[in-house]
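Okay, thanks for having me, everyone.

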Amino acid sequence: MDPDLIRNILSINFTNFHDRPFYIDEESDPLGAHLVFLQGEKWKITRTKLTPTFTSGKMKMMFHTLLSCSKSLGTILDEHIKTKEALDIKDIFARLTTDTIGSCAFGLDCNSLKDPETEFRRYGKKVFSFNFRDAILNFLANNCPFILRLFKIPLTSPDITDFFMNALKQTVDYREKNNVHRRDFLDLLIRLKNNQSVLDDPIESKAEGSGGMRFAILQIKIVLASVLKDYKFTLDSKTVTPIRFDPKSIFLSPVDTILLQASKCEI
């Protein structure tokens with residue numbers, strides 16, 4: 001497939017391709033009714049509200065939060081260097097991303113880098129897992145959506161919905177009751193919720209491309225800059241080369257574990 005064509009459809013000319021045949025039910029499955037799945041006018045209104053939160057100015061506002069999460073990675077790397085234990089780089093960066101999303105989007109210190117078994121990390125992994133229940137429900141959603149709508153059956157597992165909705169509600173309630181403000185994405189969403197403007201400049205309001213992509217690229221740049229200035233990496237002998245990618249994965253993902261050895265840069 002042509003990457004440029006995909007980028008045009010998903011980003012540059014996305015407004016012409018925003019409708020999609022996904023099943024959503026905001027009442028029974030609120031987590032499933034996100035921007036990727038919303039359709040028509042509902043999608044347009046939601047995207048218009050969210051676009052100003054992903055401008056360059058707002059991304060820069062979260063810089064120190066992202067940098068703080070990236071610095072925690074250095075502690076993990078030092079531990080692996082001392083023990084000479086290989087790094088499962090996919091797992092390490094998945095935990096770092098969990099901490100970043102938890103901090104910026106939920107206002108929580110997840111500490112997934114230090115403890116891979118934190119609740120936020122476990123439920124984050126469950127979001128992307130796929131089991132027999134998911135297969136059956138996705139089949140019904142694609143072929144007989146009226147059954148799911150009739151019986152109010154959510155595609156998202158109820159325990160996942162309960163965890164993230166409760167975490168978000170508790171944080172929002174605490175901030176609003178105690179007038180707490182933090183330079184993160186959740187603070188912008190609270191302002192939108194209370195019908196407050198998130199625009200610091202009418203000029204700043206234009207954000208080109210996908211907001212999620214812009215945020216991800218910023219995170220990648222900060223992590224690379226903060227890590228590569230102090231550490232260097234080599235492939236561990238147990239890493240299978242050439243790297244093979246999983247054709248069944250929705251995201252670009254290796255079939256085999258990628259192991260790296262880290263060492264301090266010599267000054």
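Let's start with S68, which you'll find in helix 4. One thing to keep in mind from here on: what you see is a predicted model. Is S68 buried, partly exposed or exposed? Its relative accessible area is 45%, so S68 is partly exposed. Now look across to T100. S68 and T100 are 32 residues apart along the chain, and their C-alpha atoms are separated by 9.0 Å.

Staying with helix 4 for a moment, let's talk about cores. The largest nonpolar core has 13 residues, and M62, L66, L188 and F215 are the ones with the most contacts inside it. Which elements give two or more residues to this core? Those would be helix 3, helix 4, helix 10 and helix 11. Helix 11, residues 211–228, gives the most, with three residues.

Click on M62 if you can. If we skip its neighbours within four places in sequence, M62 is in contact with T53, C104, R183, D184, F185, L188 and F215. There's also another core lying apart from that one: it has twelve residues, and L87, L113, V227 and Y231 are among them.

On to helix 10, which covers residues 185–193. The buried residues here are F185, L186, D187, L188 and I190. You've already met L188, as one of the residues with the most contacts inside the largest core. And what do the buried residues of helix 10 pack against? Three helices: helix 3, helix 5 and helix 9. Just past the end of helix 10 sits N195, and it takes a positive phi of about 60°.

Next up, charges. Side chains of opposite charge can pair when their charged atoms come close. How many salt bridges does the structure hold? There are 15, and I'll show you a few.

D184, which we saw touching M62, forms a salt bridge with R175, with the closest N and O atoms 2.7 Å apart. Both of those residues are buried.

Then there's D91 with R121, whose side chains meet in a salt bridge at 3.7 Å, N to O. This pair links distant parts of the chain: D91 is in helix 5 and R121 is in helix 6, 30 residues apart. R121 is buried because its relative accessible area is 10%, whereas D91, at 26%, counts as partly exposed.

K229 has 57% relative accessibility, so it counts as exposed. D230 is at 29%, so that one counts as partly exposed.

Last stop: T156. Where is it? Look in the loop between helix 8 and helix 9. T156 is a loop residue, but with a relative accessible area of 18% it's buried, because the cut-off is under 20%. Its side chain and that of D29 are joined by a polar contact of 3.0 Å. Leaving out residues up to four places away in sequence, T156 touches D29, L31, G32, R133 and T161.

That's my tour, so over to you for questions.

Methods: Residues are numbered from 1 along each chain as its sequence is written. This is a predicted model: local features need pLDDT of at least 70, side-chain atom pairs count only at pLDDT 80 or more; totals for chains, interfaces and linings use all residues. Side-chain values use heavy atoms; hydrogens and water are left out. Buried means under 20% relative accessible area, exposed over 50%, partly exposed in between (1.4 Å probe, protein chains only). Helices (H or I, at least four residues) and strands (E, at least two) are DSSP runs, numbered from the N terminus. Contact means heavy atoms within 4.5 Å. A salt bridge is a side-chain nitrogen of Lys or Arg within 4 Å of a carboxyl oxygen of Asp or Glu. A nonpolar core is a set of buried Ala, Val, Leu, Ile, Met, Phe, Trp, Tyr and Cys residues joined through side-chain atoms within 4.5 Å. A polar contact is a pair of N or O atoms within 3.5 Å; within protein, one must be able to donate a hydrogen and the other to accept it, and residues adjacent in sequence count only if both atoms are side-chain atoms.
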